[in-house]
Amino acid sequence: MQLRPAVPSDLSLLRHWDEQPHVRAASPNDDWGWEVELGHSPPWRELLIAEVEGRPIGFIQIIDPALEESHYWGDVGPGLRAIDIWIGEARDLGKGYGTRMMELALARCFASLDVTAVLVDPLESNVRAHRFYERLGFRLVERRRFGADDCLVYRLSRVDYARRIASGAEQARRG
């Protein structure tokens, strides 16, 4: 799997993914404004397309919530990143792609020594997403309303991330 920057030529693909029932169910009140956002590259954000053997399968946004223009996350301090992620087509769900996408995104986030933790905010009703993030080591922080959405905020600290990576390396060594 590879992550590449999303570009204006991805507009029709992202619009198509936005219309998929599983994507709409996970973020029913989001309007990404792709026409504008794909041409706007602020230093606090990455828009990424995940590809498997050259085929686009998903989307990731990584932001610095302290610098993000809308202040969606409120008044947060430095050293954080926040991730949005989805698989575009239902046929690609349940194949481990989401896990691999998050592994790549987390490695990207924690590559900066300034990053102390990563945040995610799945809908409170999305129990499958809660389990997914918990398997990756995220810990529930709070219930919170973002706009019209009731969400759970999860956080993965650098310490917990490092433990998870070390544990995985040890398991691989034991093989």
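**Loops, a helix, aromatic pairs and a pocket**

Glu 53 sits in the loop that joins β2 and β3. The model is a predicted one. The phi angle of Glu 53 is near 50°, a positive value in a residue that is not glycine. Most residues other than glycine have a negative phi. With a relative accessibility of 83%, Glu 53 counts as exposed, because the cut-off for exposed is over 50%.

A positive phi is also found at His 71, where the angle is near 60°. His 71 belongs to the loop between β3 and β4. Its relative accessible area is 47%, so His 71 is partly exposed.

Helix α4 has 14 residues, which at 1.5 Å a residue should span 20 Å; the end C-alpha atoms are 20 Å apart, in agreement with that figure. The buried residues of α4 are Tyr 97, Gly 98, Met 101, Met 102, Ala 105, Leu 106, Cys 109 and Phe 110. An α-helix has 3.6 residues a turn, so residues three or four places apart point the same way.

Turning to the aromatic rings, the whole structure contains ten aromatic pairs. In one of them, the ring centres of Trp 34 and Trp 86 are 6.3 Å apart and the planes meet at 65°, so the pair is edge-to-face. Trp 34 lies in helix α3 and Trp 86 in strand β4, so this pair ties together parts that are 52 residues apart in sequence. Trp 34 is buried at 3% relative accessibility, and Trp 86 is buried at 11%.

Trp 73 and Phe 146 form an edge-to-face pair, with 5.2 Å from centre to centre and 70° between the planes. Because Trp 73 is in the loop between β3 and β4 and Phe 146 is in strand β6, the pair ties together parts 73 residues apart in sequence. Both Trp 73 and Phe 146 are buried. Elsewhere, Phe 132, Tyr 133, Phe 138 and Tyr 154 form one aromatic cluster.

The largest pocket holds about 1,400 Å³ of space. Its lining is made up of 50 residues, and Ala 26, Ser 27, Asp 84, Ile 85 and Trp 86 lie nearest the centre. Strand β4 gives the most to this lining, with six residues. Elements that each supply at least two lining residues include α2, β2, β3, α4, α5 and β7. By class, the lining has 25 nonpolar, twelve polar and 13 charged residues.

Terms used. Residues are numbered from 1 along each chain as its sequence is written. This is a predicted model: local features need pLDDT of at least 70, side-chain atom pairs count only at pLDDT 80 or more; totals for chains, interfaces and linings use all residues. Side-chain values use heavy atoms; hydrogens and water are left out. On a 1 Å grid over the protein atoms alone, a cavity is a set of points where a 1.4 Å probe fits but cannot get out, and a pocket is an open set with protein on both sides within 12 Å along at least five of seven lines; lining residues have an atom within 4 Å of a point. Grid points are joined across faces, edges and corners, and a volume is the space filled by probe spheres set on the points. Helices (H or I, at least four residues) and strands (E, at least two) are DSSP runs, numbered from the N terminus. Ala, Val, Leu, Ile, Met, Phe, Trp, Tyr, Cys and Pro count as nonpolar, Asp, Glu, Lys and Arg as charged, and the others, Gly among them, as polar. Buried means under 20% relative accessible area, exposed over 50%, partly exposed in between (1.4 Å probe, protein chains only). The expected span of a helix is 1.5 Å times one less than its number of residues. Rings of Phe, Tyr and Trp (its six-membered ring) pair if their centres lie within 6.5 Å; planes under 30 degrees apart count as stacked, over 60 as edge-to-face and the rest as tilted.
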